[in-house]
Structure formats: structure tokens, C-alpha cells
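Hi,

Here is the structure I promised to hand over. Have a look at it first, and my notes on what turned up are below.

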Amino acid sequence: NTTDISSLNWGNDPVKSASIYGVSEDTLGYNRKVGMAFYTSGFDATQTEKLRIASDGNVGIGTDVPDQTLDVIGDAAIEGTLFLSDVGGQIVKMNGIGGNLDIYSDGTIDFIESDHDKLMVTFDVNTPNDDARIYMEGDADTYLNHPGDNQLGFTIGATETMRLRAGKVGIATTSPSAAFHVETAVNEST
């Protein structure tokens, strides 16, 4: 897999040098698929491959067989903003300014259980109602939201069921007028 096609070498000692090799990635050995391998050597250490540009264009850091466009084996650090998608004007990005993790999205932020590819929790940060919503397991008409300052709302089956305001709980009302306010079609009870 690392048959040397041609190379550029810096230094003539394999322990104190760096090289870029053209490497055959053709399992039959005909050099029809050629990648580039970048080798460096640490302090008094033999050269090892650190980066591979595979014949299919994938880039590997810490691997000589990258499976993705960028395949990193080991720790990675990004200083600044990581853009995950910027297609059609939709923005998804993350940064860690000031020790905080900030996630920007023009849609939802989904937490998916990986073993069964099941949507578990969704943060909808771009609703048409200008409020943030949290719903679970894809049940988008049952959620916890923030309908206004100092308020939390609980909506079940597309009907707001409970509203919390400072010192007040409202059941079937969005404007509780007492510490505990239950409103029904027949009567109002506080």
C-alpha cells in the first residue's frame, strides 16, 4: 500500500528528515491509483506517515486509509468557528469563545441515539413563533417552550396545557391570574 512512486526528501538521515511520497494505492501494484503521503520524524525518531491525500481525494490525518473527505484519527483542535454546513444560506456553526459552546442553527439541533438512529431530543431554535422549543422523539406538537419573558409553556398535542409565570401556574390558560389558576370550559377556578 505504500510502494514508493517518487518522493521529495528533506535531510538524508531517516531519523532526522521529512518526506513526501507518491504512494501506490492499487492493490494489484500497477500504480493506477496514486496518493500522496507526508512523513516527518520526531526527535531522534524514524519517519512515520502523518498525513495522506488518497487517490480519491480524501485526506487522512493519523490514518493512511481515510474513509471520509477529512478523516482524523486522534485529537483535533479548532480555534475559531467550525462551519458544519453553509448550503443555500442555511447556517450551522459552532464555536467555543470564552469557554462556552455556542451552537448556531437556522433550523433544529437534534440529539440522535446512535445505535438505533432514533431521534431523541430536538431543540427548535428557529420556530415561526419566535420562541425556543424542546420536544422529544420527533413529537413536534408536544413541547416545552419559552413563549415570553419570564414564562415557560407546556404544549401537549398542539394544545398549550400549562403556562408558568413568575409565582403563577396556569392550567389551560396562558395568563394565570393567581398562584394556581385552572380554567375550564364550564368554570374558572383559582
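Before the notes, one cut-off: I call a residue buried under 20% relative accessible area, exposed over 50%, and partly exposed in between. By that rule Phe111 is partly exposed, because its relative accessible area is 46%. Please keep in mind that this is a predicted model.

Aromatic pairs

Searching the whole structure gave two aromatic pairs.

Phe123 is partly exposed, at 31% relative accessible area.

Salt bridges

How many salt bridges does the structure hold? There are five. Glu49 and Arg52 form one of them, with 2.7 Å between the closest N and O atoms, and both residues are buried. The two also belong to a network of salt bridges that takes in Glu25.

Another joins the side chains of Asp131 and Arg133, at 3.0 Å from N to O. Again, both Asp131 and Arg133 are buried. Then there is Arg163 with Glu160, where the closest N and O atoms are 2.5 Å apart. Are these two partners buried or exposed? Arg163 counts as buried, because its relative accessibility is 8%, whereas Glu160 is partly exposed at 23%.

A three-stranded sheet

Strands E7, E8 and E9 make an open sheet in the order E7-E8-E9, with antiparallel pairing. E7 (81–85) and E9 (102–105) are the edge strands; each has a single partner strand, so one side of each is left without a neighbour in the sheet. On average, neighbouring strands of this sheet are turned by 15 degrees against each other, direction ignored.

E7 and E8 (residues 92–95) pair in the antiparallel sense over four bridges. Phe83 stands opposite Lys93 in E8. Lys93 is worth a look for its other end too: its charged end sits over the ring of Tyr104, 4.6 Å from the ring centre.

The loop at Lys16

Lys16 is found in the loop between strand E1 (3–10) and strand E2 (18–24). With a relative accessible area of 53%, Lys16 is exposed. Which residues does Lys16 touch, not counting those up to four places away in sequence? They are Trp10, Gly11, Ser41 and Asp44. The C-alpha atoms of Lys16 and Gln47 are separated by 7.7 Å, although the two residues are 31 residues apart along the chain.

Cheers

Terms used: Residues numbered from 1 in each chain as written. Predicted model: local features only at pLDDT ≥ 70, side-chain atom pairs only at ≥ 80, totals over all residues. Heavy atoms only, no water. Salt bridge = Lys/Arg side-chain N within 4 Å of Asp/Glu carboxyl O. Buried < 20%, exposed > 50% of the residue type's maximum accessible area, 1.4 Å probe, protein only. Pairing = 2+ DSSP bridges. Helix = DSSP H or I, 4+ residues; strand = E, 2+ residues; numbered from the N terminus. Axes fitted to C-alpha atoms, helices over the stretch in contact; angles between N-to-C directions. Contact = heavy atoms within 4.5 Å. Phe/Tyr/Trp six-rings, centres within 6.5 Å; stacked < 30°, edge-to-face > 60°. Lys NZ or Arg CZ within 6 Å of the ring centre and 35° of its normal.
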